[in-house]
Amino acid sequence: MKLIKKRVVLHFPGFEPLDGLAHRARYERSARQSAAVWGYSVETGAPDPASDPFSFEVTTGSAGAGETAPAAETSSAAWRTRSRIHMVDHDVLVRRLRGRNTLSRIIAGFRSCAEIMLEGGMRGYFKHAWRFGLFFLFPFLLTTLAIVLTAEIAILPYSLGFFALHLLWSGPLALCFFIATFLPFSERFHTLHLFADWEMAVALGRMDREDFNEWLEERATAVRKALTEEADEYVISSHSMGSSVAAHVIGILLEREPEVFRGKHVVFATLGSAILQCALLSSASLLRARVGLIARCPEIFWLDVQCLTDSINFYKVPVVAVSGHADAPPAKILLIRVKQMLTSEHYRKIRQDQLRVHRQYVLGPDLKAPFDFTLMTSGPMPASVFAFPEQSRLPA
């Protein structure tokens, strides 16, 4: 198997309030963890101030291989790989959705919930991945309960037969309960953050927001420029909501230039993908069409990484077929377990936090496991080897 010496990576992160610099810092930490576990060297370079998308270089090599080690050219036992990582983050959209006042965010969240229900999204979630359906409902049910309790406190004097004048103290008390008790408590479950996430899901499904659509077109132009760099392999990786963003951006490129990937070896790796979070909306015809374009592109190998213990993904669901392209080549599904990547103690600490479990796809491991994000995006083996658990992750 030919080792990768030069790689270009386009990574689309999930829905998190992190810019490119913060994602780079996370990548560097995760890379150090991976290198310690697998026994290789890693160096994360400084960000390129002139790049768009935000980018930096990562150099990995066999343990002890320095800059002067020439053996990597002739022996798989000594290797060196350089990867240019482009972070195609959507932090500008996240900040826009999260930057409004609390009342506006709650109203927008419930509006998104209603739109998803009316467009058949919730029905699709429970049909294909019932745990994802519960993930959808949870923040809205929790907030509805809090609103009901707030209203009960406000009208308590009336319910007890007191004079209406008593509403002068019960109303402020109810407001204090919602602001000072519920909102801080709800942050433990990232409730308002999830409201914004569902608002973005509707926007990427309907494609009816001009600001989102213009941003996607701009990112497609920037990604096209990044693809002009020569490399042995091109990895387009995406996590969670970033998979829907990636599907739109890569779909735009294929619409503009059907032969854009000719002569390139491309791996499209969707990690804990949320494409169906958006694509199951009845109005998401454009997203579903772009999924079909990607699946039918002969230069693209689609690897869909799914996890049983992650409730925020569509476990064992064939995303291409469910998106309406049963006749297209399916994505190769890799099933992983978070508990195989972490020590027992570490896994016990995070397993109750579903968003933390969901982030593990792009975080560093404690143990050698069938999947490792750093090795897939910066290691010496072609990223496609991760589709086959029996394959080695490092040269013998």
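Reader: What makes helix H10 count as mostly covered?

Author: Of the 16 residues of H10, 14 are buried, a term for a relative accessible area under 20%, with exposed meaning over 50% and partly exposed lying in between, for a 1.4 Å probe and protein chains only. The model is predicted, so local features need pLDDT of at least 70 and side-chain atom pairs count only at pLDDT 80 or more, whereas totals for chains, interfaces and linings use all residues. Residues are numbered from 1 along each chain as its sequence is written, and side-chain values use heavy atoms, with hydrogens and water left out.

Reader: Why is Ser 244 called buried?

Author: Ser 244, which lies in H10, has a relative accessible area of 0% and is therefore buried. Leaving aside residues up to four places away in sequence, Ser 244 touches Leu 204, Ala 274, Ile 275, Cys 278 and Leu 287, where contact means heavy atoms within 4.5 Å.

Reader: What describes the packing of H9 and H10?

Author: Helix H9 (residues 210-226) packs on H10 at an angle of about 70°, with the axes 9 Å apart. That makes H9 roughly perpendicular to H10, since 65 to 115 degrees counts as such, while under 35 is roughly parallel, over 145 roughly antiparallel and the rest oblique. The residues of this contact divide into nine nonpolar, two polar and four charged, and among those that meet are Trp 215 and Leu 216 in H9 and Val 245 and His 248 in H10.

Reader: What is the arrangement of H5 and H7?

Author: Helix H5 (residues 130-154) and helix H7 (residues 167-186) pack at an angle of about 160°, with their axes 7 Å apart. That angle makes H5 roughly antiparallel to H7. In this contact there are 13 nonpolar, four polar and no charged residues, including Leu 142 and Ala 146 in H5, and Phe 177 and Phe 178 in H7.

Reader: Where is Ser 240, and is Ser 240 buried or exposed?

Author: Ser 240 lies in the loop between strand S5 (233-239) and H10, and with a relative accessible area of 9% Ser 240 is buried. Its phi is near 55°, a positive value in a residue other than glycine.

Reader: What is said of the phi of Met 207?

Author: Phi of Met 207 is near 55°, which is positive although the residue is other than glycine. Met 207 has its place in the loop between helix H8 (191-206) and H9, and its relative accessible area of 16% means that Met 207 is buried.

Technical notes: Helices (H or I, at least four residues) and strands (E, at least two) are DSSP runs, numbered from the N terminus. Axes are lines fitted to C-alpha atoms, for helices over the stretch in contact, and angles run from 0 to 180 degrees between N-to-C directions. Ala, Val, Leu, Ile, Met, Phe, Trp, Tyr, Cys and Pro count as nonpolar, Asp, Glu, Lys and Arg as charged, and the others, Gly among them, as polar.
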